[in-house]
Amino acid sequence: MRKYYISLLILILIATTLFLGIGCKKETTETTNAETTVASTASETTETVTTVAETTAEKKPSGKITVWSWHDLDKEVAELFMKENPNIEVEVVKIGPWDIETKLLTAIASGRGAPDVAAVVSRRFQRFASGTGMTDLTEYVGDDASNYLEAPLKEHMYDGKIFALPVTVAVMACLYRRDLFEKYGLEIPETMADLYKIKEKLPKDMYVMPLFVPSGQWGSDAFRVYMQLAGGTIFDENGKVIQNNAAGKQTMNYYKQLIDDKVVMTGAWFTPESYAAIGEGKVVLWLTNISEPSNLMAKFPELSGKWGMAPLPLWEEGSPAITAEYGVKGFCVPAQSKNIPAAEEFVKWICSSKTAQDKFAQNFWFSAYKPYLDSSEILKQPNEYLGGTIPLDVFNAREIKYYNFIDWVQTSDILGQEIDAMFGGEKTPDQAWNDFESRLIGEKLGL
Amino acid sequence: MIKKYKNYYFKNWYPYFFISPFFILFTIFWIGPIIVSFYYSFLQWDGISKAVFIGFDNYKGLFSDPLFYKAIKNTFILTFSYEIILIPTVIILSVLLANIAERNLAGKFISNFIRSSFFVPITMAMVIVAIIFDLVLGQRYGTLNILLNSLGITSNIDWIHNPNTAMWVILLLRLWRNTGYYMIFVYAGLKSLPKDVYEAAKVDGANSLGAFFKITLPLLKNIIMFIIFMSLIWQFQLFDEPWVLTGGGPNNATLVILIYLYKNIIEYSRIGYGSAISYVFTLILILIAILQLRVFFREKVK
């Protein structure tokens, strides 16, 4: 009998432990594999408070929100937000961009675990916008939507509705070494053909610019920009694959020509080796992200004043003066958010307020909010590292061309594979492009 | 009779309750997802929109997918190349190490240091290893190319990003990381071998090489079979090294099955298709495991 009661007691203890261990709390925030900082003086907690309190007659949003973002700067900006909005507590959880996508996907699929606000890589946002996992911000943004740059805003829209707002915009620009240009008597390229004029004046062991080889996804993004310069796009307005795409084939052939004529320095970029090559002056210019100077300043402070920045060259004389998105970041409000009013307030503030945008501008990030761009003192100041270049002048010199990023994750992967097949000599440029189109259609990407 | 057994188990129920938490959790977190993912393999679902039941379409698509076959091919090539090089390397290095220690050729401290240094790679974080390999095998500033050029051998190969060499870099990395781990087993086995057998062989006129092939290897057979068995299963699950170093590229030269699975589920949001890949691959692994059991443990089975 005694054995029976002891066993029963142990069974109750085990059952209680089990229920405590696997029971789900109503409000939990998943913070595994993430660095969590509480951007306030409150004690650290892993629970998200779900109540929205009516505090004043204006019924301002209040409560606590959790923000997933990969950049440390967002934590500093969140602190500034809380000073202006003391009723809202912001907890910024640092998670890498691809991890945010994975976690968002898991959260939406499972119906739980999403934050109140998430930073997103805009060109990869379409798959989230097309579902039901995001809050429709159209009504909240209202007429203010017209104050955002059209192309970046459209990347966060689906079916005419806004599901995220662009916080910073990076376009492709031309970074060049002023000292090397002076040394070799070079001129800033006006068109892509001018890259050849630069090559003619350089020693044999130097190159005009780098090119992603192997291409992979990074190189696909660069290719897409060049294709837009050439007046082309992969999917039409309705999302269908454009077949027999002349601009695509033209860009593929141009790529191959650049390598065959040794105009470009090939290699994997954004690696220690690639930065070493840049530091040693192996390349005299770099068609890259307009925000790249912030990385160069950190890595090569000794090159201050030796760099310059110019607008992206035209495809050819008479072509439209355009550039393309090369890194837009946005903020969305998942539908699972338990404090949507506060989350919307945060998103709107970080994407449009002078306080937030000034902080980003100090780090070479450009706003997508037109009133800020028109009034920013920081972006209008001549930049010492860039030899006196005024960054905003370069940004404004080109119109940002919109691109329909349908299924961009898989599209860029396939494009990268076909470009690499061409680089490896397995296919001619035309074959690589034709196979790319066939694979897109075969995979039923787009509509 | 049945009633007798029923009474027996009814009276002795409490041990089952003690072991039940494990089985409950195992069912929820292990068996459950396996069953659910099997169901997912019959769906077209991106995790966000509504799922659509499509029957066996995912499996049909898989068997006509050239990338799937490429991934399987790369996985098999890497696995069997790895096994062919790993086993002799582990045995030779372990024997060398055992000889160094036994004959006190380098002193206790140095022989311990050498033994530890073989094990260090497995303890290093994959990201650190990738950076090291990037620096050593880089095209322009890599240590290897600089060394080759200084020896008069012109080398401008981007070892990691060249489709012809990328796979062998992955193989080298995997061997470098794991050799030390398996050496522990062989070294321990060597240490436990009876010395009198070798003395008897010496009296009979056997030389070192003969003793190695006729005595050492047969006595280490069970350990070697264990290493082959485990390393084969783990090698088929290769993911970390190609993912961190090359991402499966360039142009799918290092695409292995788990990377293809990951890309489909996480990057392309093709959860149904990815589930189908996982089931087909699991089936392949089960067949290989059965084959291994029949080949390696045939005598014991008999």
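This is a predicted model: local features need pLDDT of at least 70, side-chain atom pairs count only at pLDDT 80 or more; totals for chains, interfaces and linings use all residues.
1. Arg127(A) and Glu101(A) are both buried, and their side chains meet in a salt bridge, with N and O 2.9 Å apart. Arg127(A) belongs to helix α4 (residues 126-129) and Glu101(A) to helix α3 (residues 97-110), so this pair ties together parts of chain A that lie 26 residues apart in sequence. Worth a look when you have the model open.

2. Next, the pair I would show anyone asking about the two chains together. Asp413(A) and Lys263(B) meet through their side chains in a salt bridge of 3.0 Å, N to O. The pair crosses between chains, running from helix α17 (residues 408-423) of chain A to helix α13 (residues 257-267) of chain B. Both Asp413(A) and Lys263(B) are buried.

3. Chain B has a buried pair of its own. Arg177(B) forms a salt bridge with Glu241(B), and the closest N and O atoms are 3.3 Å apart. Here helix α8 (residues 166-191) supplies Arg177(B) and helix α12 (residues 240-245) supplies Glu241(B), so the bridge ties together parts of chain B that are 64 residues apart in sequence. Arg177(B) is buried, and Glu241(B) is too.

4. How many salt bridges are there over all chains? The count comes to 20. Besides the pairs above, chain A holds a network of salt bridges that links Glu418(A), Lys427(A), Asp435(A) and Arg439(A).

5. Now the backbone, beginning with the cis peptides. One cis bond joins Val213(A) and Pro214(A), with omega about 5 degrees. Pro214(A) sits in the loop between β9 (209-212) and α9 (216-229) of chain A. Another cis bond runs from Gly249(B) to Pro250(B), with omega near -5 degrees. Pro250(B) is placed in the loop between α12 and α13 of chain B. Those helices have come up already: α12 carries Glu241(B), and α13 carries Lys263(B).

6. Then the positive phi values. Asp159(A) is not a glycine, yet its phi is near 55 degrees. Where does Asp159(A) lie? Its place is the loop between β5 (157-158) and β6 (161-162) of chain A. Asp159(A) is exposed, at 67% relative accessible area. Asn244(A), also a residue other than glycine, has a phi of about 50 degrees. Asn244(A) is found in the loop between α9 and α10 (246-260) of chain A. With 61% relative accessibility, Asn244(A) counts as exposed.

7. On to chain A as a whole. It has 18 helices and 15 strands. Of its 447 residues, 55% are buried. Taking contacts between residues at least 6 apart in sequence, 76% join residues at least 24 apart. The accessible surface of chain A is about 19400 Å², and carbon and sulfur atoms account for 51% of that.

8. Chain B has 15 helices and two strands. Buried residues make up 42% of its 302 residues. Among its contacts with a separation of 6 or more, 66% are between residues 24 or more positions apart. Chain B exposes about 17400 Å², with 71% of that supplied by carbon and sulfur atoms.

9. A few words on the overall dimensions of chain B. What radius of gyration would a compact globule of 302 residues have? It would be near 19 Å, whereas chain B has 25 Å. Along the principal axes, the C-alpha atoms of chain B fill a box of roughly 70 × 70 × 35 Å.

10. Last, the charges in chain B. There are 25 positive and 14 negative ones, and their mean positions are 10 Å apart.

Methods
Residues are numbered from 1 along each chain as its sequence is written. Chains are lettered from A and ligands numbered from 1 in the order in which they are written. Side-chain values use heavy atoms; hydrogens and water are left out. Helices (H or I, at least four residues) and strands (E, at least two) are DSSP runs, numbered from the N terminus. The radius of gyration is taken over C-alpha atoms; the globule rule is 2.2 Å times the number of residues to the power 0.38. Buried means under 20% relative accessible area, exposed over 50%, partly exposed in between (1.4 Å probe, protein chains only). Contact means heavy atoms within 4.5 Å. Accessible areas come from the Shrake-Rupley method with a 1.4 Å probe; for residues, only the protein chains shown count as cover. Lys and Arg count as positive and Asp and Glu as negative; His and the chain ends are not counted. The place of a charge is taken as NZ of Lys, CZ of Arg, CG of Asp or CD of Glu. A salt bridge is a side-chain nitrogen of Lys or Arg within 4 Å of a carboxyl oxygen of Asp or Glu.
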